[in-house]
Amino acid sequence: MSSRRPAFVASTADLLPVAESIAEHWREVGATGHLLARNLDTGEHLGFDVDTPVPLASVAKVPLALVVLDGIAEGDLDPALAITIDPATKSLGPSGVAAFRYPATLAVGDLLHLTLTVSDNASADALFDLVGVEHVDRRLRDWGCTGIRIRHRMHRMYECAAGVAGDDFGLALELAIRDDAAGQHSIETLDPAHANVGSATALVELLQRCWLDEVSRPDATAELRRLMALQVFNQRLSSDLRADTVRVSGKTGTFLHLRHEIGVVTAESGDRVAIAALTRSARRASIAHDIDLAIGAAARSAFEALRS
């Protein structure tokens, strides 16, 4: 685990100790990473190491979905268009169509639902195939989202891991951790120069623009917000914030030693805080509930500190 002190940011001096406490808690559970939390209405913020490009894993499904929804809002794509996914060629993954054993035909709108709510890799890659990886990346640049790069389909992550570790997921995890420490990457999709990447700053800015209808079209951003509010995974940002008076609209990202989530926490009071929590672990464990809970504790601390 690196002993380097993170570069902390905060809009006011009293918020710095909150960011420092979060970073220390992450270190105690064996994680390092990048955090930015921002009140969407006041601009108050806190975090650390916010501008480093980080491989996104399934967080990349948020910009993908926005681009597809933009195409629907523009009238270029039909949300009812039926697409058949063949199990012989589908992308890998534990949920959604990726786990199906037989051909499945779904509408584009339903592929979006599965992509964001259960992080279905097969649905996401069907959408990538529909619009093109290059189109997603280009559309983000057109919108000025220069801190996010989309370079490959979801299945590419598994292809690259298998290319160096075969079917040994434990070996792939060990290589990912070793490579992080060495600063060299044998798994291409963990290399920021080749992976789908984004910084905490860029991801929070994308969320802010989606929540304030400052990117794409209002119909597209409204549907993105609706779908992100339906995410079924609540072990990270939501873990310490679940309440009738608080809603978390998020998207997780998990691959080998990476455990991320981005999202917006909204309270009945009207407070809205966008958060990007991007972590990596230095221990060989495919399950790390303590890191998930540390992300949740970070979200709660940041939200409480940034409430108006």
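Colleague: What should I know about the model before we start?
Modeller: This is a predicted model, in which local features need pLDDT of at least 70 and side-chain atom pairs count only at pLDDT 80 or more, while totals for chains, interfaces and linings use all residues. Residues are numbered from 1 along each chain as its sequence is written, and side-chain values use heavy atoms, with hydrogens and water left out.

Colleague: How many helices and strands does the protein have?
Modeller: The protein has 10 helices and 11 strands, taken as DSSP runs numbered from the N terminus, with helices being H or I of at least four residues and strands being E of at least two.

Colleague: What percentage of the residues is buried?
Modeller: Buried residues make up 55% of the 308, where buried means under 20% relative accessible area, exposed over 50% and partly exposed in between, with a 1.4 Å probe and protein chains only.

Colleague: Switching topic, at what angle do α1 and α10 cross?
Modeller: The axes of α1 (residues 16-28) and α10 (residues 289-306) cross at roughly 175 degrees and come within 10 Å, the axes being lines fitted to C-alpha atoms over the stretch in contact, with angles from 0 to 180 degrees between N-to-C directions. That makes α1 roughly antiparallel to α10, since angles over 145 degrees count as roughly antiparallel, under 35 as roughly parallel, 65 to 115 as roughly perpendicular and the rest as oblique.

Colleague: Which residues make that contact?
Modeller: From α1 they are Val18, Ile22, His25 and Trp26, and from α10 they are Ala294, Ile295, Ala297, Ala298, Ser301, Ala302 and Ala305, with contact meaning heavy atoms within 4.5 Å.

Colleague: Which helix is largely enclosed by the rest of the structure?
Modeller: Helix α4 (residues 121-131) is, because nine of its 11 residues are buried. Those buried residues, including Phe128 and Val131, pack against α2, β5 (82-85), α3 (108-117), α5 (133-142) and α6 (155-165).

Colleague: α2 again, then: is Asp70 buried or exposed?
Modeller: Asp70, which is in helix α2 (residues 61-74), counts as buried at 4% relative accessibility. Not counting residues up to four places away in sequence, Asp70 touches Arg139, Trp143, Ser216, Arg217 and Ala220.

Colleague: What about Asp179, buried or exposed?
Modeller: Asp179, in helix α7 (residues 169-182), counts as buried at 5% relative accessibility, and with residues up to four places away left out, Asp179 touches Gln184, His185, Ser186 and Ile187.

Colleague: Where is Leu256, and what is Leu256 in contact with?
Modeller: Leu256 is in the loop between β9 (246-255) and β10 (258-267), and counts as buried at 5% relative accessibility. Leaving aside neighbours within four places in sequence, Leu256 is in contact with Phe169, Ala172, Leu173, Ala176, Ile187 and Leu190.

Colleague: Last one, which phi value does Asp49 have?
Modeller: Asp49 has a positive phi of about 50 degrees although it is not a glycine, and Asp49 is found in the loop between β3 (45-48) and β4 (54-55). Ser119, in the loop between α3 and α4, is likewise a residue other than glycine with a positive phi, near 55 degrees.
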